[in-house]
Amino acid sequence: MMTVMSWAQSQGYAGAIPTWEVGNGTWGVILLSNHADLSLVTIPISDLQSFDPTDVAGWGQAVMRWAKAQGYQMAIPTFQSDGTNVTALAFGAGYPAITFYDADNALLFQSLAQPRKLCNLQDPAVWANAVMRVARLKGFGAGWPTWEWTTSRGIMGLSAYDYGPLPAATDANADRVLKVLNKTLNTIQVSTADALADFSGIYDTFNEAPIVDPGLQILTDCIFGAVQIAANLIPDVGGAVGALISTAMTAAQDAANAKGGSGPTTLETYQSMLSAASDATATYVSTLHDTLMNSKTNGTLQQVWEQVYTSPISGQTTQLGMLANASDDVVNGDEYWTQMGDQITSQLNLNLQVAITGQLYTIQRRTYQNAPATKQWWRGSIAEVTSPTGKCAEYIASADDELSVWFTDFVQEPGHLRGEYVTATEFWLQAASDIPEYPPSDLCYALFSSDGFGNTQGYTGAFSKSTVYNSWLMTTYEIGSGWTENGGGYAQQWSYSSGGNIVTATIFDYGDGWQVDAGWTDAYGNLHLNTSNPNVQQANQQCGFLQQVIVNYLMPLN
């Protein structure tokens, strides 16, 4: 924080926040432009509650509490102090588009996209990293922790742009907004129709599989999450468009409920619910368009122009008239809308795959490093085994049941009587309910591209099987190679929950019949490790099980 804040101020900015993402010799930085209601303040340490300069989160909390008491919206410490005073960037009451959002700890963990790892959200860098990711997903330009927490954590969301004052309610400006709304309507209709058509093909095999969506959360995440992300691509008014469209969420949920509700339902019914929600969203935007158009002739233009809309997703507010600030290429061009439509289609499809696949399948993981020679292994070198025509590729393509298999962590074992050989970690998908035991080819092709083991296009670009197995938070069973004297074997299960423990690693002994939690992150974001337990130690040693912890890899630059 000290590094990026000082650097930003030397470049003429008011300050900066790290994104907490690290690249090849780079840090991601959110720059804060100078603003009349953004000031660098000096705070006497004696005025701060329970100030401990060695506690980063406590420092941030003390400064935030002081700022709120002084009438500021928020404050970000520079983490510089002379022993008597500290300095901070204080955001005054007039600073635009700061919104408080309360994020469940489970959502913060999910944003880190690192399954088969535990998490300590009390680590300030991990905490701030997760807050930034969630804020960006909600359509904010950046996010900063309030440093207050229970089973949720407060986020101060900063809009990407200062949209400035509301444009005048003229007929010319109204025509600009009508064009933006019309393009928004067309984009939503075409892109969601395309995505739902793909969804129908992908999951046609599972029309009898029950899907549970409490509170229609999947629907909300899929449709409105996709629109929110895509809308922010629109220059100048992206956040305003996203906030405006998101106000349709209640109408869409009502429409979806009428088609099937949030209880267990078939995928065929669920698709009908998604279609109804999409139609309701389009109708909402169409109504806004017609209301504005009619207001030009019935004398209500100013009233319609100033109407405030609040996004239920991010809490951001906007007025219909703000869309008049859109640039000419957005109002009259097609490039941005084509991009927005492509983003909605791919993101909605990907969100559906993640949400539905996680209900139908579990991830199975097996390692061979400590396995006896009778277990599966590959004769030859790593280069030979992993070549496009090598034994791993042949195995994956050998049958539909194997299309979801992915090998990684290759190890070259020393030669023996039969020559050198290669061991690996194997992943595959297996049914969690009463459906075909392994995913059919159409699902594998959708998840892993047309050849079954190549790349798939997501909204952030191409991804491979490693994305599914290393990023999607699906229940995972790690099959161990250790055996007890009574027969059977060990397994470690990784499970996730929005209530109770966020993530739990449980070890099972199928021979002696015991199970023990090896580690977990509780609902408060606290890390618990049980690796001193002798049963856990035995299973870890026999099978190579790990209870890794998510850490922030941000390191000082040389």
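User: Is Glu478 buried or exposed?
Analyst: Glu478 is buried, at 4% relative accessible area. Buried means under 20% relative accessible area, exposed over 50%, and partly exposed in between, with a 1.4 Å probe and protein chains only. This is a predicted model, in which local features need pLDDT of at least 70, side-chain atom pairs count only at pLDDT 80 or more, and totals for chains, interfaces and linings use all residues. Residues are numbered from 1 along each chain as its sequence is written, and side-chain values use heavy atoms, with hydrogens and water left out.

User: What does the side chain of Glu478 meet?
Analyst: Glu478 forms a salt bridge with Arg365, at 3.3 Å from N to O. The two sit in distant parts of the chain, 113 residues apart: Glu478 in strand β20 (residues 476–479) and Arg365 in strand β14 (residues 361–367). Arg365 is buried too, at 19%. A salt bridge here is a side-chain nitrogen of Lys or Arg within 4 Å of a carboxyl oxygen of Asp or Glu. Helices (H or I, at least four residues) and strands (E, at least two) are DSSP runs, numbered from the N terminus.

User: And Arg366, what does that pair with?
Analyst: Arg366 has a salt bridge to Glu426, with the closest N and O atoms 3.4 Å apart. Glu426 is in strand β17 (residues 421–431) and Arg366 in strand β14, 60 residues apart. Glu426 is buried at 1%, whereas Arg366 is partly exposed at 28%.

User: How many salt bridges are there by that rule?
Analyst: Seven salt bridges. One of them joins Lys296 and Asp175, at 2.5 Å from N to O. Lys296 belongs to helix α9 (residues 267–298) and Asp175 to helix α5 (residues 171–202), so this pair ties together parts 121 residues apart in sequence.

User: Are Lys296 and Asp175 buried or partly exposed?
Analyst: Partly exposed: Lys296 has a relative accessible area of 29%, and Asp175 has 33%.

User: Switching to rings. How many aromatic pairs?
Analyst: The structure holds 15 aromatic pairs. Among them, Phe427 and Tyr469 are stacked, 5.2 Å centre to centre with 25 degrees between the planes. Phe427 lies in strand β17 and Tyr469 in helix α16 (residues 465–471), so the pair ties together parts that are 42 residues apart in sequence. Phe427 is buried at 3%, and Tyr469 is buried at 0%.

User: What about Phe508 and Tyr510?
Analyst: Phe508 and Tyr510 also form a stacked pair, with 6.0 Å between centres and 10 degrees between planes. Phe508 is buried at 16%, but Tyr510 is exposed at 53%. For the cut-offs, rings of Phe, Tyr and Trp (its six-membered ring) pair if their centres lie within 6.5 Å; planes under 30 degrees apart are stacked, over 60 edge-to-face, and the rest tilted.

User: Which rings are linked into a cluster?
Analyst: Phe51, Trp59 and Phe79 are linked into a cluster by ring pairs.

User: What sits over the ring of Trp127?
Analyst: The charged end of Arg153, 4.3 Å from the ring centre. That contact requires NZ of Lys or CZ of Arg within 6 Å of the ring centre and within 35 degrees of the ring normal.

User: Last one. How many disulfides?
Analyst: Zero, in a search of the whole structure. A disulfide is a pair of cysteine sulfur atoms within 2.5 Å. As for cysteines, Cys119 is buried at 1% and Cys543 is buried at 4%.
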